[in-house]
Amino acid sequence: MAAMTDIRNIVVLTGAGVSAESGIDTFRDAGGLWEQHRVEDVATPEAFERDPELVLRFYDMRREAIQQKHPNAAHEALARLDREWEGGLMIVTQNVDDLHERAGARRVVHMHGTHLNAWCTACDVRSPWTGTLIERPACPDCGERSLRPDVVWFGEMPYRMDEIFAALREADLFVSIGTSGAVYPAAGFVRNANDLGVRTLELNLEPSQGSAWFDESRHGPATQVVPPWVD
Ligand code: BV8
């Protein structure tokens, strides 16, 4: 990493674009991730209330797709950074896939949850999902059939925001990888970084909605722009 001598603490934000070359559809490039539904229409508590089967099918299909995919060179480069970087590092991902972890990264924060867990809203217990949610398996603790995916929907508070803002306050560099900058609060992190005097770098296929806020942008597929930055 050129000119990284004065960099000690790094916050990386990733979005669907980091997993695109693993074959996992993004939200906005694929013209709507699934059956032409906008994610805003199927990833909300109201949608779950209105049509739980539609929402559960959406997540069952994504979970099945994720299981068949593998980390790509961008995930592997970030896992190398995680292993070798002696300073502070937080990889904040908006993705619910586990490809960062499967590549070997450990310092990962899933601000929008994970496809791996089901959440029983009756007893507020999270457990690894088993089978498909669409059969609405009973919660192992309370027996209620009220399991939902453990993901953050529109209108819900993202996870671990205090930790994320604490890491941004300590950061010397904020790097955004593979995200459109369409959804807040993640899309606002670059401005938080600017206000804190943190250097900002965007690695994305094309200019995102927040590109103007970055000190530097490098455009291209993540597997081509992330490894050179890491190495
Ligand atoms: C909240 C999890 C408050 C589930 C997701 C008006 C103004 C500002 C904000 C709002 C507003 N109205 C409503 C809001 C709030 C809302 C929001 O931001 N709405 C948007 C639509 C305006 N946000 C929320 O509701 C958030 N919560 O605000 O809570 C609150 C306060 C108090 C108490 C309670 C609540 C919660 C939002 C979380 C929603 N969940 N996902 C799931 O995955 O199913 S959102 C989902 O879309 C992602 O997680 C991500 O966050 C978001 C954007 O997706 P991206 O990852 O960026 O993917 P996208 O397809 O958009 O872009 C892909 C990018 O990759 C592109 O740039 C492309 O060029 C690039 N790319 C493609 N291929 C490659 C590549 N790059 C590199 N290499 C490649 N090969």
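Predicted model: local features only at pLDDT ≥ 70, side-chain atom pairs only at ≥ 80, totals over all residues.

Because five of the five residues of β1 (residues 10-14) are buried, the strand is largely enclosed by the rest of the structure. Five of the five residues of strand β6 (residues 147-151) are likewise buried, so β6 is also largely enclosed by the rest of the structure.

| Strands | Sense | Bridges | A bridge pair |
|---|---|---|---|
| β1 and β2 (residues 89-93) | parallel | five bridges | Ile-10 and Leu-89 |
| β1 and β7 (residues 173-177) | parallel | five bridges | Val-12 and Val-175 |
| β4 (residues 113-120) and β6 | antiparallel | four bridges | Gly-113 and Val-151 |

An unreviewed UniProt entry carries the annotation "binding site" for Cys-120, Cys-123, Cys-139 and Cys-142. Although these residues are spread over 23 residues of sequence, they cluster in space, the largest C-alpha distance being 8.6 Å.

Cys-120 is found in strand β4 and, at 0% relative accessibility, counts as buried; leaving out residues up to four places away in sequence, Cys-120 touches Val-125, Cys-139, Cys-142, Ser-146 and Leu-147. Cys-142, by contrast, lies in the loop between β5 (125-128) and β6, and its 33% relative accessibility makes it partly exposed. Apart from neighbours within four places in sequence, Cys-142 is in contact with Cys-120, Ala-122 and Cys-123.

Key. Residues numbered from 1 in each chain as written. Heavy atoms only, no water. Buried < 20%, exposed > 50% of the residue type's maximum accessible area, 1.4 Å probe, protein only. Helix = DSSP H or I, 4+ residues; strand = E, 2+ residues; numbered from the N terminus. Pairing = 2+ DSSP bridges. UniProt positions renumbered as here; feature names shortened; annotations may be inferred. Contact = heavy atoms within 4.5 Å.
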